[in-house]
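Keep the sequence and the 3D view open beside the text.

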Amino acid sequence: MNNSLSHPVISNILTKLDSLSPKAQILGNYIIQKPSKAVFMTTRELAETCNISEATVTRFVSAIGYNGYTDFIRALRDFVNTGLTLPDRADLQEDKGHGLERFHHLVLEELNDLKYLYETIDVKKMEQVVDCIAENSCVYVTGSRLSYTFAYYLGWSLSKIRKGIRILKGSDSTTIDILSSAPDNSLVILIATTRYPNELINLSRLVRRLGHTLVVLTDSSISPVIQFASLSLVVPLKSIPFIGNPSNMLCVIKYIVQALASGEGESLQKHQEQLEQIYLENNILFNLKF
């Protein structure tokens, strides 16, 4: 895994490894060497694998600076998810069965992710994102690769509520031109998901240098774009996705859109009536005539 030594969970282990007990050192070395296996283990399974006691696992987690095993596994999951290659992710799918068994597994995984989102999302941060959008008349929404899917959905939905919304492709170099000539203090909403394209990191840096307000929606507290944001909202996942996991991010986007719509009042109806008239005049949508 690239840059493993720079990740806090690994650097914490390496820094304190020599000061740990011999059995704790065995555990630490195992996690460093096989993080993608350790991240899926309970304290009991990890203890049995390393031939140590569960108490040693608990003491180890505390010794390297985590409040509990859950916090440690969350940090390890972020590291593993960021570093896994496509072949690595494919390997994780091998034990998920076939046919209906695989489908049931995927549905349960989605439900567990949504439950985790429900329990851990920072609601105040979500409300701050809503307020930030409401207060800005000029809003640009951008993402690239997988996250462009989310950016397009957010931007398209916002355009049905109010004016002043523009969707930009983070992979398109003209985005740099557009943001460079955007009105002062514009709002840029950037969505970045694992594995964090470098083009979005560079774009985040540019937005900050231009003096615009940058709001980031991302899936981990170690996301490299957070450092450039005026406001960041982490949309957490419990699972490690094969090729992306849209449910949690889409759920948060739906909340943001609905919360904004509820505050628009009469302007919402006027805006949507104008859109419907345009759709009708230009025969944009299928219209079932009775």
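## Loop residues worth a look

Asn51 counts as exposed because its relative accessibility is 68%, and the cut-off for exposed is over 50%. Please keep in mind that this is a predicted model. You will find Asn51 in the loop that links α4 (43-50) to α5 (54-63). Its backbone has a positive phi, near 60 degrees, although the residue is not a glycine.

Asn185 also has a phi near 60 degrees, again a positive value in a residue other than glycine. Asn185 sits in the loop between α11 (174-180) and β3. With a relative accessible area of 53%, Asn185 is exposed.

Now turn to Ser239, in the loop running between β5 (231-234) and α13 (247-262). Is Ser239 buried or exposed? Its relative accessible area is 9%, so Ser239 is buried, the limit for that class being under 20%. Leaving aside residues up to four places away in sequence, Ser239 touches Arg77, Glu109, Asp113 and Asn245. With one of these, Asp113, the Ser239 side chain makes a side-chain polar contact of 2.6 Å.

The accessibility values are set side by side here:

| Residue | Relative accessible area | Class |
|---|---|---|
| Asn51 | 68% | exposed |
| Asn185 | 53% | exposed |
| Ser239 | 9% | buried |

One more backbone feature is a cis peptide bond between Thr194 and Arg195, with omega at about 25 degrees. Arg195 belongs to the loop between β3 (187-192) and α12 (198-210).

Technical notes:
Residues numbered from 1 in each chain as written. Predicted model: local features only at pLDDT ≥ 70, side-chain atom pairs only at ≥ 80, totals over all residues. Heavy atoms only, no water. Helix = DSSP H or I, 4+ residues; strand = E, 2+ residues; numbered from the N terminus. Buried < 20%, exposed > 50% of the residue type's maximum accessible area, 1.4 Å probe, protein only. Polar contact = N/O pair within 3.5 Å; in protein donor to acceptor, adjacent residues only side chain to side chain. Contact = heavy atoms within 4.5 Å.
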